[in-house]
Amino acid sequence: MTTALITGSTAGIGAAFARRLAAQGHNLVLVARDTKRLGAQATELHDRHGIEAEVLAADLATEEGIAAVEQRLADRTHPVDLLVNNAGFGNKGRYLDVPMADELTMLKVHVEAVLRLTSAAAGPMRSRGRGGVINVASVAAFLPRGTYGASKAWVVQFTQGAAKDMAGSGVRLMALCPGFVRTEFHQRAGMGTDNIPGWLWLDADKLVTAALADLARGKTVSIPDPRYKALMGVVKLTPRGLLGGMSSRTGRKYGPQ
């Protein structure tokens, strides 16, 4: 059996990846901060699908948390075949309204942890000649909108560049760029969702199915829904100055800083 390690595994997109991969017969390493939720998740997936589910409690906003996951990824006796860097969060508020400590924590999780964990996984994968990494970004990466979008833009650019450098190695890297997904994301950030149009919402399980299919096809960027593919097509054609104003108003209405 192959093994997948998923960060932020206990809710939302991470939990959907865990369900899907367990159903396909993959063993799992589940990473999140809440030990109790991790244990319950591991037990449920083991009992339902007969796979082995290892738990690793780690806060990726801390040096200790990142180092613990790096160490697990570097274990060549129990190799990880697929890494899903899913952990992330949003801050409520406009630029300069969000405390600097919160901004730096976001960069720790969205940028430093993604860089370090991808690197920790990719080295052993390259040595074995196979493996995959999915870095969860956002369609916000394509919009000039605050620290959240900027951090996700970094994830997309980094993943595309790393994928190019790893071409021919047997290791696939892909940035996953969803839109609004029904998860705990907005609740944790203290953001209301009543004003978000129903047609913008995506189902996490369907999103994961599409993402894994895109990884198998060798895509380096996945926008896993026709609605958002169309919206991002419009974004590419919109002048940057106009896009900046539209993005700022939309971000204040719907999304994180």
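**Exercise 1.** Is K108 buried or exposed?

*Solution.* This is a predicted model, so every value here is computed from it. Start with the relative accessible area of K108, which is 19%. Buried means under 20%, so K108 counts as buried.

**Exercise 2.** Which residue forms a salt bridge with K108, and where do the two partners lie?

*Solution.* Let's begin with a general idea: side chains of opposite charge can pair when their charged atoms come close. The partner of K108 is E112, with the closest N and O atoms 3.3 Å apart. Next, find the place: E112 and K108 both lie in helix α4, 4 residues apart, about one turn of the helix. Finally, E112 is partly exposed, at 27% relative accessible area.

**Exercise 3.** Find the salt-bridge partner of E63 and describe what the pair ties together.

*Solution.* E63 pairs with R116, and their closest N and O atoms are 2.9 Å apart. E63 belongs to helix α3 and R116 to helix α4, so the pair ties together parts that are 53 residues apart in sequence. With 40% relative accessible area, E63 is partly exposed, whereas R116 is buried at 18%. Now step back: E63, E70, K108, E112 and R116 are linked in a network of salt bridges.

**Exercise 4.** Work out how the rings of W154 and F158 are arranged.

*Solution.* The structure has 1 aromatic pair. In this pair, the ring centres of W154 and F158 are 4.8 Å apart and the planes meet at 10 degrees, so the pair is stacked. Both residues sit in helix α5, 4 residues apart.

Definitions and conventions: Residues are numbered from 1 along each chain as its sequence is written. This is a predicted model: local features need pLDDT of at least 70, side-chain atom pairs count only at pLDDT 80 or more; totals for chains, interfaces and linings use all residues. Side-chain values use heavy atoms; hydrogens and water are left out. Rings of Phe, Tyr and Trp (its six-membered ring) pair if their centres lie within 6.5 Å; planes under 30 degrees apart count as stacked, over 60 as edge-to-face and the rest as tilted. Helices (H or I, at least four residues) and strands (E, at least two) are DSSP runs, numbered from the N terminus. A salt bridge is a side-chain nitrogen of Lys or Arg within 4 Å of a carboxyl oxygen of Asp or Glu. Buried means under 20% relative accessible area, exposed over 50%, partly exposed in between (1.4 Å probe, protein chains only).
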